[in-house]
Every structure is written in C-alpha cells, then in structure tokens.
Amino acid sequence: MTSSLKFGTSGLRGLATDLVGVESRRYAAAFLRYLKGRGEVRQVLVGRDLRASSPEIAASVISALDVEIVDCGELPTPALALEAMRRGAPAIMVTGSHIPADRNGLKFYRADGEIDKADEAAILAALGDAVELNRRVSREPRALARYLDRHARLLPSGALAGRRIGVWQHSSVARDVFVDALAMFGAHVVPLGRSDIFVPVDTEAVDTGTAAQLAAWVKAHRLDALISTDGDADRPLLVDEAGALVRGDIIGILTARFLSADTVVTPVTSNSSIEGTGAFRRVIRTKVGSPFVIAGMTQATGAVVGFEANGGVLLGSDVSINGATIAALPTRDALLPILSVLGAAEAAGRTVSQLVATLPPRIARSDRLEHVPAERTALLLERLAADAAGYFAEQGTIHSVSTIDGLRYEFTSGDVIHYRPSGNAPELRCYTEASTAARADALLAWGLSSAEAVVR
C-alpha cells in the first residue's frame with residue numbers, strides 16, 4: 001500500500017500522484033472483488049469532483065472494473081449516492097472533499113449506502129493486482145437533475161422570494177446546482193468567486209482572510225445570506241446577514257429541528273447545545289466520521305437525522321415535511337441543511353442570525369495545526385495521559401474526560417478543550433466550547449499554542 005494512501009473519516013485519501021494510475025485501479029478492483037464475494041454485482045456508478053486530477057483517476061477506476069459502468073460525470077457526492085441507491089448499485093466517487101488540491105481520494109458506496117469500517121478492512125484485505133480493461137461505459141446525465149428534484153418540495157413554493165442570497169461558487173462541483181436550487185424557491189441569487197483553479201474549502205476551519213472576504217460580499221451585495229460548500233458538496237457553508245459564519249454543528253441542529261427529528265446522531269465534537277434544546281427524544285454521540293454516524297443511526301428509531309460538526313447532514317430515515325416525504329439518504333449532504341436553515345428562518349419570520357440565537361448559548365470553535373505527523377501528535381497525547389491536570393492548570397479543574405474520539409476535557413466551569421488527530425491528513429484538530437464567543441476564542445488560541453509547543 002502506497003504510504004500516503006489510507007482510509008480516514010470518510011473514504012480513501014492521499015496524494016493525487018500516488019492515487020492516479022495503478023493504485024486507483026487496485027482499490028477499484030478490490031472494492032469490486034469484495035462486492036462480488038457478497039453477491040452478484042451488475043453495474044458500478046462512477047462520479048468525480050472538479051479537481052485537476054479527478055478525470056484521470058476516474059478513468060483509472062473505470063478501466064479496472066469488469067462490470068457494466070455508468071459514468072455520472074461531475075456531480076456532488078450525495079447526488080451520486082442518491083443515484084446509486086435508486087439503481088440498487090454500488091458507486092465510487094473520485095473526490096478529496098476539502099483537502100488540498102495536490103491530494104485526492106475515493107469514496108465507496110454499496111448499493112444500500114456508504115461503506116462502513118468493516119467494509120474498509122475488507123477492501124484492504126482484497127487488494128491485489130489490477131489490469132486495465134476496455135469495458136463499455138454508459139452515461140447518466142440525469143443524476144444531477146434527480147438530486148435537485150429531491151429537494152423540490154422541501155420548502156413551500158416561493159419560500160425564498162425577495163431574499164438576496166449569494167453563492168460562493170469557487171470550484172465546488174455543486175456551484176451551479178446550488179444556484180438552481182435557490183432560484184427554484186424564488187430567491188434572487190448572486191453568484192460569486194467562481195474559480196477555474198481548485199480551491200480547498202474546509203467548512204470547519206475557514207481562515208480569517210476567507211471569512212473577511214465572505215463578510216465583505218454580504219455587505220457589498222446586501223445579502224440576506226451567503227452559502228457555499230466544500231469541493232464535493234457534502235459539507236455546507238453558511239454566512240448570515242451580518243457576515244458571520246454559522247458553524248456546521250449549529251446548521252445541523254437547526255436542520256434536525258426543522259425536520260422534526262426524534263433522534264439525532266452526531267460526533268462528540270458537535271456543540272452540546274444539541275442536548276440543551278430539549279427538541280429531541282434522544283441524542284447519540286459517536287466518533288468523528290460518517291461511518292460512525294451511520295452506525296449510530298442504525299440504533300435509532302423514529303425520524304432519524306445525523307450530522308457532523310462540519311454540517312453535513314445524513315438522513316437515517318424518511319422524513320415528512322411540507323406535505324412531502326424526503327427519502328432516507330445515509331451520506332453527508334450540503335444542500336438539504338442549507339435549504340432547511342433558510343426555510344426555517346423564513347417560516348419563523350427571522351433572519352438567519354436571529355434563528356441561531358434561539359439555541360442555547362453554547363459557543364464552539366475549532367481550528368487545526370497543519371503538517372503534524374502522527375508521531376508528533378502522540379507526544380501530546382502522552383503528555384496529557386501523564387499529567388493533564390498540570391497541562392491545563394491555568395484553565396481550571398478538570399471535571400470529566402471523554403475518550404470517544406481523541407481527548408475531550410470538560411472543566412468545572414463548563415469550558416471544553418478537545419484534541420483530536422485528523423483521520424484524513426497530518427493535522428491536529430482542536431475544539432473548544434464555552435458560554436461566550438470571547439471565552440471560546442481564548443480557549444482555542446490557548447489550546448493551539450500549548451499544543452504547538454509540544455508537537456513542533
């Protein structure tokens with residue numbers, strides 16, 4: 001196995017130069033070999049994002065499959081998953097999601113949805129040589145339209161009429177379909193920042209320069225909101241009418257409330273105001289990563305909504321809203337939560353910021369230290385295991401520790417500092433939570449600088 005390629009929180013990731021050619025063929029063939037061991041496989045769907053390396057990697061994937069191949073072209077990951085489930089067929093999406101342009105990845109879907117950790121292990125066990133084949137490839141141009149149609153009755157007709165909403169298009173594969181979705185409900189759409197060069201957008205760690213640009217667009221164009229997503233459109237980005245970014249977990253909470261969820265499934269890194277709302281019968285906390293959220297959703301009953309701290313929403317069950325039924329789609333999606341929050345604000349007669357203010361005042365922040373190898377992260381974890389009380393002495397007394405994913409420390413004050421190694425890249429992530437924005441920001445700055453002193 002090439003050293004940079006590994007399964008993380010959502011699919012296989014690594015350097016594009018390592019993935020193109022032989023390795024992408026090997027993993028595609030291993031996935032198919034594994035599926036054939038589970039039963040007959042008639043066809044496999046393939047899609048891709050807009051990275052420069054994605055067409056070549058997709059071609060390599062296609063060349064390794066000895067079944068009927070349906071090329072869905074450039075489309076959002078959830079759109080490919082939706083089409084795969086409609087056909088009852090497995091799928092492979094070529095995307096690196098939010099990571100830098102020199103990297104890429106593969107996301108694998110069984111006929112019934114996203115693979116889990118057991119499937120990942122089975123694919124690794126099935127790895128072997130793969131030859132280039134010349135199979136007939138059919139095209140599926142309607143998959144993207146069916147994805148848009150899925151949302152057509154989520155909101156009442158004309159629900160966003162009179163609202164000015166910006167779409168930061170950058171290089172997202174959903175940059176045009178998001179414009180169409182907003183226009184479908186009557187919004188005045190302002191496209192912004194379209195790019196022919198791939199722009200890595202991590203909705204959990206928007207840098208200050210980008211945040212300032214988004215706020216400037218909101219002001220200059222008098223927008224009621226500005227939306228965007230990461231490269232493959234499974235993580236939403238939302239900016240309110242004042243130019244402030246709305247955190248992904250807040251988007252998730254508002255979406256679950258809008259969809260009248262009975263059970264919410266979300267990672268331990270999501271904001272604890274979920275429990276504080278009292279809106280849900282049950283909240284299930286998991287490790288970070290869609291496979292863990294999906295596993296948690298299988299334990300749930302009633303209307304089930306899962307989401308990650310990045311805001312990607314997974315529907316674990318059918319939900320009924322606005323006289324329509326939205327079918328389950330157990331993979332991250334960005335369009336559903338964006339429309340849900342905008343629709344909820346309109347239904348309540350509130351702005352986006354006013355809608356956010358209806359939640360309990362728990363402010364969460366997150367950021368990362370980049371280029372931190374796993375062995376350096378281990379030094380920090382060893383330090384905390386040896387003397388966490390000493391490490392956090394100036395922040396107060398530790399009340400409890402969670403080891404669900406990384407190390408999450410809650411203090412007697414209610415403040416939270418959480419360290420977690422990234423599953424996709426050599427990064428150390430830090431999450432904080434407090435009762436005020438100033439305190440959450442201060443905790444994040446302290447958490448990052450203290451960790452950097454150990455790992456650098």
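**Close-up 1. The hairpin of E12 and E13, with its turn.** In the hairpin formed by strands E12 and E13, 5 residues lie between the strands, and Gly-243 there takes a positive phi near 90°. The two strands run antiparallel and are joined by 2 bridges, with Leu-245 of E13 as the bridge partner of Val-239; strands count as paired if DSSP finds at least two bridges between them. The model shown is predicted, and for this reason local features need pLDDT of at least 70 and side-chain atom pairs count only at pLDDT 80 or more, whereas totals for chains, interfaces and linings use all residues. Residues are numbered from 1 along each chain as its sequence is written, and side-chain values use heavy atoms, with hydrogens and water left out. Helices (H or I, at least four residues) and strands (E, at least two) are DSSP runs, numbered from the N terminus.

**Close-up 2. The hairpin of E11 and E12, and the two faces of E12.** Strands E11 and E12 run antiparallel and are joined by 4 bridges, and Ile-227 stands opposite Leu-238 in E12. This hairpin has 6 residues between its strands, and Ala-233 in the turn has a positive phi of about 65°. Which residues cover the two faces of E12? Pro-236 and Leu-238 lie on one side and Leu-237 and Val-239 on the other, and all of them are buried, where buried means under 20% relative accessible area, exposed over 50% and partly exposed in between, with a 1.4 Å probe and protein chains only.

Close-up 3. Strand E9 (residues 164–170) pairs with E10 in the parallel sense over 6 bridges, and Val-190 in E10 is the bridge partner of Gly-166. Axes are lines fitted to C-alpha atoms, for helices over the stretch in contact, and angles run from 0 to 180 degrees between N-to-C directions.

**Close-up 4. The crossing of helices H2 and H5.** The axes of H2 (residues 22–38) and H5 (residues 117–125) come within 8 Å and cross at roughly 110°. The two helices are therefore roughly perpendicular to each other, on a scale where angles under 35 degrees count as roughly parallel, over 145 as roughly antiparallel, 65 to 115 as roughly perpendicular and the rest as oblique. Tyr-27, Ala-30, Phe-31, Tyr-34 and Arg-38 of H2 make the contact with Asp-119, Ala-122, Ile-123 and Leu-124 of H5, contact meaning heavy atoms within 4.5 Å. These residues divide into 7 nonpolar, no polar and 2 charged; Ala, Val, Leu, Ile, Met, Phe, Trp, Tyr, Cys and Pro count as nonpolar, Asp, Glu, Lys and Arg as charged, and the others, Gly among them, as polar.

**Close-up 5. The packing of helices H4 and H6.** Helix H4 (residues 77–87) packs against helix H6 (residues 143–150) at an angle of about 95°, with the axes 9 Å apart, and the pair is therefore roughly perpendicular. The contact is made by Pro-78, Ala-79, Leu-82, Glu-83 and Arg-86 of H4 together with Ala-143, Arg-146, Tyr-147 and Arg-150 of H6. By class, this contact has 5 nonpolar, no polar and 4 charged residues.
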